[in-house]
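Open the model in your viewer and keep the selection panel to hand. Each stop below says what to select and what is there.

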Amino acid sequence: MSLQNNMKPRHKRALLIIGALIVIGVAALLILNALNSNIALYVTPSDVANGKAPQSQTFRIGGLVKSGSLRRDGITVHFVVTDLVKDIPVSYTGILPDLFKEGKGAVVQGRLNQNGEFVASEVLAKHDENYMPPEAKHALEQAQKQEVQK
Amino acid sequence: MIPELGHYALILAFCIALVQGVLPLLGAYQGRREWLVLAKPAAQTVFLLLAFAFGSLAWSFYVNDFSVLYVAEHSNTQLPTVYRFGAVWGGHEGSLLLWLLLLSTWTFLVAQLSDALDEFMVARVIGVLGLVSSGLLLFVIATSNPFERLLPAAQEGRSLNPLLQDPGLVFHPPMLYMGYVGFSVAFAFAIASLLSNRLDAAWARWSRPWTTAAWIFLTLGIALGSWWAYYELGWGGWWFWDPVENASFIPWLVGTALLHSLAVTEKRGVFKSWTVLLAITAFSLSLLGTFLVRSGVLTSVHAFATDPRRGIFILILLSLVVGSSLTLYAIRAPKRATGAQFTLTARETMILLGNVFLVAAAASVLLGTLYPLLIDALNLGKISVGPPYFNAVFVPIMIPLLVLMGIGPWTNWKNTHLLTVIQRLWIAALLAVIAAVLIPTIMGEFTWLASLGFLLAFWIIGSGIQQVMRQFKTGRPTRSFIGMQFAHLGIAIFVIGVTMVGAYQEERDVKMSSGDTVTVGAYQIQMKGIGAVAGPNYKATRGTFEVSRKGQLETTLYPEKRNYFSSTMPMTEAAINAGLTRDIYVSLGEALPDQSWAVRVYYKPFVDWIWGGCLLMALGGLIAISDKRYRSKWRATHEA
């Protein structure tokens, strides 16, 4: 301890700055690492159908819940998310949010299983009845554009 | 008529706020006393005008004046009176008016309580606040006028979103805004000190209670919001790392850093530049929070209104505030070290290190919040950054901070013999290790993360107990000291709550019909029946669930599924049996075909400690600002 008391202020400041830089560096490393593995990509139903979905990571699909597709099996529900061009079957075990409705927009997060069914770990429907998730809207617009180009 | 008067008051307030912003600052610059004296009366007038405008809007809600567009959009005749009042800030325009009213309230308080300050300083502080006020007033008048008429008037209003019809949400925005806006005072003091080249201990002493006051409100506001989300959204979570939550949490982190940094500047006269930078940052982040929430760039619960013009306006205001204050900072901030000596083990270093962790945490949360917007803006695709990112980054940064919290209060200013401190703290360390081993064992499952949580919490508690014991040996503790103890204990209590819920909660989503029983924790929950009930402005399906433990009936819970008349969306009202050591949480999902229901049953151990910890922190802040020495010391140095 006594050593430090004899340090020159210049050295001390340098040490403080180095200490701060180390903290910032570690924080930056943590951030980059976490960003790499913990972000969920939004994929449109058409892209999923065309095999453009990430295989090993969870991702999100935005779209409409297809009317008449909802089927219950105890606490598990099956439904179809669509961008009006391609349909993706989804299964979810748990309680759906209040605003989840057939024909309305929804966002699901999860991953594909071997049968091509999307197993959702989370279903998001927003808290306002007149509100369409922008990701769902985006998916519909994308699908429409591609249709027109064809 | 009343709404027009309110609108008129707003415009008048803008004109006077301009006077309040320009003349005192110019007067202070040119040494014209006759302009300086305008500051206080102008601030008082703006406050009265805004109070009148706010009152007019509240009145329009009270009398159901649906010829006012904002009222028609956010209220209806069936809304109970309390919620009609809460609906005043239930939407974009009204909440901005509240923002302004609170800003003028802070300004008014500064004007009333600043007799001890010299008039140049007061004029500059009030002037800076006046500039901020006039910027936001212009924003409200130009893009978000709450008094806009709807002609012909609507027969009946649209409903307030049923989610918002809740006492927790009546008080959440005012608290939160009071905190947000309160950082404007610390900001104004920092700018005024830069302008007058008087960054000294007196400046820090003056800013401190104001910053603490704002911080108390922000703490309570965030806690209220979290509590509301817990019982109202029906998912039983207490924090979602939702961008809107982050928008309030980032200023809190920086504000906490500012509180501590101000203490060093006051006591030791060092870190001045850093403290000023934090004051500017805290307020800028509050403005950024307003921008994020109110521009609609974020997609979340709170983004009810979306209007790009509004976003651009706030963005311009934000860049003006940040740009001009940083320029001033670059020109005026003290460049040479003040020469105060301290070692690497001194309290100064400990607080600085804590500051670095807090700011790093704030930066990582900010990055995670803005990253999806950035990626989207660059057309690189759409992504979402969710809780896993924030947990992965935030928690590791907090660990060393919590360790530091046990050591920091033991260190002395200037220099500490670290070895002695460590030797003394073996009792706290022992307590922490015992807790880290014992508590997970009692709870029935040992996980390293839970163990770490208890280790850190009891490290802080143990260190705190030892500090209190030492303090009583040497003399009467000051209120600052008691305040710090409460606030730090609050953090420990909070950590215990978070750890318990994270490691030992049980969540069951099950299909139930009358007579079925489900077990969570040591509790059996039996569904007794389900029926219809009527509320003042809704119809509901209500379930009856009996909670028993070891065959003894503990309580009966009545979760509801409500359908409000004015809205087509169903609402889940969870039923919660709260307790000191656990909450039992039952909420109804949806009706299943065969008379059964999807039901969500949670067992949440120690969850109330999360908000209890926040209350303790706020209480600590309150005790700290009640310390009389601020005023008396200020006078002493000032007269000397």
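**Stop 1: chain A**

Select chain A. Among its contacts (heavy atoms within 4.5 Å) between residues at least 6 apart in sequence, 55% join residues at least 24 apart. This is a predicted model: local features need pLDDT of at least 70, side-chain atom pairs count only at pLDDT 80 or more, and totals for chains, interfaces and linings use all residues. Residues are numbered from 1 along each chain as its sequence is written, chains are lettered from A and ligands numbered from 1 in the order in which they are written, and side-chain values use heavy atoms, with hydrogens and water left out.

Colour chain A by secondary structure. There are 4 helices and 7 strands. Helices are DSSP runs of H or I with at least four residues, strands are runs of E with at least two, and both are numbered from the N terminus. Reading from the N terminus, the order in chain A is α-α-β-α-β-β-β-β-β-β-α.

Of the 150 residues in chain A, 40% count as buried. Buried means under 20% relative accessible area, exposed means over 50%, and partly exposed lies in between (1.4 Å probe, protein chains only).

**Stop 2: a helix pair in chain B**

Select residues 347-377 and 387-407 of chain B. These are helices α13 and α14; their axes come within 10 Å and cross at roughly 170°. That makes α13(B) roughly antiparallel to α14(B). Axes are lines fitted to C-alpha atoms, for helices over the stretch in contact, and angles run from 0 to 180 degrees between N-to-C directions. Under 35 degrees counts as roughly parallel, over 145 as roughly antiparallel, 65 to 115 as roughly perpendicular, and the rest as oblique.

Show side chains at the contact. On α13(B), the residues include B:F357, B:L358 and B:V365. On α14(B), look for B:F390, B:I397 and B:L401, among others. By class, this contact has 17 nonpolar, 4 polar and no charged residues. Nonpolar covers Ala, Val, Leu, Ile, Met, Phe, Trp, Tyr, Cys and Pro; charged covers Asp, Glu, Lys and Arg; the others, Gly among them, are polar.

**Stop 3: helix lengths and what follows**

Select residues 39-62 of chain B, helix α3. At 1.5 Å a residue, its 24 residues should span 34 Å, and the end C-alpha atoms are 34 Å apart, which agrees. The expected span is 1.5 Å times one less than the number of residues.

Step just past α3(B) to B:N64. This residue has a positive phi of about 55° although it is not a glycine. Most residues other than glycine have a negative phi, and most peptide bonds are trans. B:N64 sits in the loop between α3 and α4 (69-74) of chain B. Is B:N64 buried or exposed? It is buried, at a relative accessible area of 19%.

Next, take α6(B), residues 92-112. Its 21 residues reach 30 Å from first C-alpha to last, close to the 30 Å expected. Of those 21 residues, 18 are buried, so α6(B) is largely enclosed by the rest of the structure.

**Stop 4: two loops in chain B**

Go to B:P152, in the loop between α7 (119-143) and α8 (167-195). The peptide bond from B:L151 to B:P152 is cis, with omega near -5°.

Move on to B:N197, in the loop between α8 and α9 (201-232). B:N197 also has a positive phi of about 55°, and is not a glycine. B:N197 is exposed, at 52% relative accessible area.

**Stop 5: single residues in helices**

Select B:G27 in helix α1 (residues 2-30) of chain B. At 0% relative accessibility, B:G27 counts as buried. Leaving aside neighbours within four places in sequence, B:G27 contacts B:R32, B:W35 and B:L36.

Finish at B:H488, in helix α18 (residues 479-504) of chain B. B:H488 is buried, with 16% relative accessible area. Which residues does B:H488 touch, not counting those up to four places away in sequence? They are B:H260, B:M405, B:P409 and B:I460.
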